[in-house]
Amino acid sequence: MNINTDLKKQNTYDAIVIGSGISGGWAAKELTQKGLKVLMLERGKNIEHIKDYDSAMKAPWEIPYCGELTQEQKRTHPVQTRDYPYQQANESWWVNDLECPYTEDKRFDWYRGFHVGGKSLMWGRQSYRFSDLNFEENIKDGHGNDWPIRYKDIAPWYDYVEKFAGISGQNEGWPLLPDGQFLPPMDMNCVEKSVKERIEKHYNKSRILTIGRTANLTVPHLGRGSCQYRNLCSRGCPFGAYFSTQSSTLPAAMATKKLTVRPYSIVNHIIYDKDTKKAKGVMVIDSETNETMEFYAKIVFVNGSTLGSTFVLLNSTSEAHPNGLGNGSGQLGHNLMDHHFRCGAEGTVQGFEDKYAYGRRANGIYIPRYQNFKDDKRDYLRGFGYQGAASRGHWHKEVAELDFGGDFKEILSRPADSWTMGLGGFGEMLPYYENKVYIDHSKKDKWGQPVLAIDCEYKENEAKMREDMMYDAAEMLEAAGAKNVKAYDNGCYPGMTIHEMGTARMGNNPKESVLNKWNQMHEVSNVFVTDGSCMPSSACQNPSLTYMALTARACDYAVKELKKKNI
Amino acid sequence: MERREALKKIAYLMGGAISATTMGVLFESFTVYNPEQRTTYSFLSTDEEILAEFSEIILPATAKSPGAKAAGVGTFIPLVIRDCYPPNLQEIFKKGFDEMLAKCKTKFNKEFLSLSTEEKNVLMGELKQETIDNNKEPSFFLIARDLTLLGYFSSEIGCTIAREYLPIPGKYDGNADYLPGQKAWAT
């Protein structure tokens, strides 16, 4: 009948992208720029670049409760309020945990941003390439499956995405941290420079300290403004100075006039066509009206964030795929990883009392991995890197305990006597099959969908690594001349670094993996998964840059295949 | 090795001397919300006046900058206690507040608002000592002092007069000279 045919035609695109975050935005840009008509589905609300960054220009006294969280916020966000990312200044950008529950078989802090842009609005922006060692380590030590690619396959794509996104950094020629296409690096402050010099000398350059590689512009780039050093990135940047869907990939995609963005669109499952053995499209629940509807496309890119994507795949069951779409291997939902952090050391650095930083740098320093490399052998596998910074805060040692009064106020109105330098480790987590997610049908979310259950824990390798993360940091700070060095471990649970990855891993063998070396499903040739869920291992480097590169590479392949009529 | 609370970093940023209790309540909140325990805590306008004067002793006006009263801490404290604090700490605050008011009568034979500045300082000294003697367990003094520091150094006065506020630095210089007596950056 006419109406149905028109509606079907209206709802048909060349490609559907599920999710609009860091990798989804890239898929939309690449596919539209290659000529495809794309529908990008985002389950949350729209957030318009600059216009909707409500708190971006607010002064401290204009933030409700001066930044403190209310009891009501803790009630509706019991998970999001467990750690620092959820702030009064960006509170509406974090999921309402009560509307979107999940099951924790073991504690897993699942941070979610349900809105156009996803976590690309609130992310930490540190951007590091994986190295050849990272791609080889699974096969070398037998944990996880072999990556189906190596550094040489992804290197040109790292070049490609870095050039567009705008990453500032310093090339160092460090084998475990490949160099990149960088904008000028941000400056280290005087204390960091001193610490760098002393550490590198002490360890005979077997360790290096470099400025962080961050997706903040140090010069204007492709029409976006450069960083103004306010360090309020996670409120949204009115200058467009850091990479996000809003500042970068979305405008590029919109300029093609081939992109439709539909917010409030929860993808419930991918529709499988048993005759063509391909995905036909997706079924969507409108999150505002609860209406269901279908959209159709020749290819589907799944970029709903690691666990969001895997949920959709697990929920896409059919006769041919009883355990989830493309899950003939049984690996879907398994091998969940997250980095671990919140341990390191801190100390006082004297001798710089006549120096004070001007501006608030939205970046720190980085010590790339040096463990289990060359002569440095440890009693655990793989390794860790450090993020850190030196600063001169307001801590005053001469202030008496619980002091008050005029003199006290004057002291607190001046900076601290000396600088402090801190190093915080980020450690790799091994892929373990038993760290998994599955669908819990006993609970429902606000829209009547079942929820995800997460069963994941750090194990012995991670625990051993954390000891070194603390002691190495303390040792390095002492070697750099820091005083009162204190090591710490504040405890960490999976989910906290917000680098969760795995559960729909790539691999050459369809019996052991969900995706092939092009991020294409082994069993469903027109479905591509390019967010964190595709990762066979976690390395210790912040992963988002790798998601961008894999996405651009997979889009290039997908469109070529489409043109050859292979999919 | 010492177990250190990550939130001390925020203490560094916010002004140094904030107690673990307040850090726990305000910035780290893996505290389970218990709806049955919810009390509605309301303050009287005289309470706000008292708290304004109380905070003024902690951070008084000096030649260089106005004090906590001018910065609006008197209304800030009740707002935060009401909306951000769990019931058990609200109780401790209220009890300690009432005890302080009673202490003014027994010690000075006056209402709090009638005390001289010197008398208020003596009172504050005693509350401080009590808290120290009690191992810095949560107390009215501890909470009120913490919120005074937080409220003051987040206020317009605290940020722009006591300290220096730079909304858009425009650049980063990690090697800038520190001039003697130079104020701290507000953020």
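**Close-ups of a predicted two-chain model**

View 1. A:Ile439 sits across from A:Leu452 of strand S17(A). This is a predicted model, where local features need pLDDT of at least 70, side-chain atom pairs count only at pLDDT 80 or more, and totals for chains, interfaces and linings use all residues. Residues are numbered from 1 along each chain as its sequence is written, while chains are lettered from A and ligands numbered from 1 in the order in which they are written. S17 (residues 450–455) pairs with S16 (residues 436–444) of chain A through six bridges, in the antiparallel sense. Strands here are DSSP runs of E, at least two residues, and helices are runs of H or I, at least four residues, both numbered from the N terminus; two strands count as paired if DSSP finds at least two bridges between them. Five residues separate S16(A) from S17(A) in the hairpin, and A:Gly448 in the turn has a positive phi of about 80°.

**View 2. An open sheet in chain A.** Six strands line up in the order S6-S13-S14-S15-S11-S18 of chain A, with antiparallel pairing. S6 (210–211) and S18 (483–489) of chain A are the edge strands, each with a single partner strand, so one side of each has no neighbour in the sheet. Helix H10 (residues 460–479) of chain A packs on this sheet, touching S11 (343–349), S14, S15 (419–427) and S18, and its direction makes about 10° with that of S11(A). For contact, the C-beta atoms of two residues, placed from the backbone, must lie within 7 Å; axes are lines fitted to C-alpha atoms, for helices over the stretch in contact, and angles run from 0 to 180 degrees between N-to-C directions.

**View 3. S13 meets S14.** Zooming in on the sheet, S13 (residues 365–367) and S14 (residues 384–391) of chain A are antiparallel and share three bridges. A:Ile367 faces A:Tyr386 in S14(A).

**View 4. Where chain B touches chain A.** The contact draws 57 residues from chain B and 53 residues from chain A. S1(B) gives the largest share of the chain B side, five residues. By class, that side has 29 nonpolar, 15 polar and 13 charged residues. Nonpolar means Ala, Val, Leu, Ile, Met, Phe, Trp, Tyr, Cys and Pro, charged means Asp, Glu, Lys and Arg, and the others, Gly among them, are polar.

View 5. S12 (residues 355–358) of chain A runs antiparallel to S1(B), joined by three bridges. A:Tyr356 has B:Ala176 as its bridge partner in S1(B).
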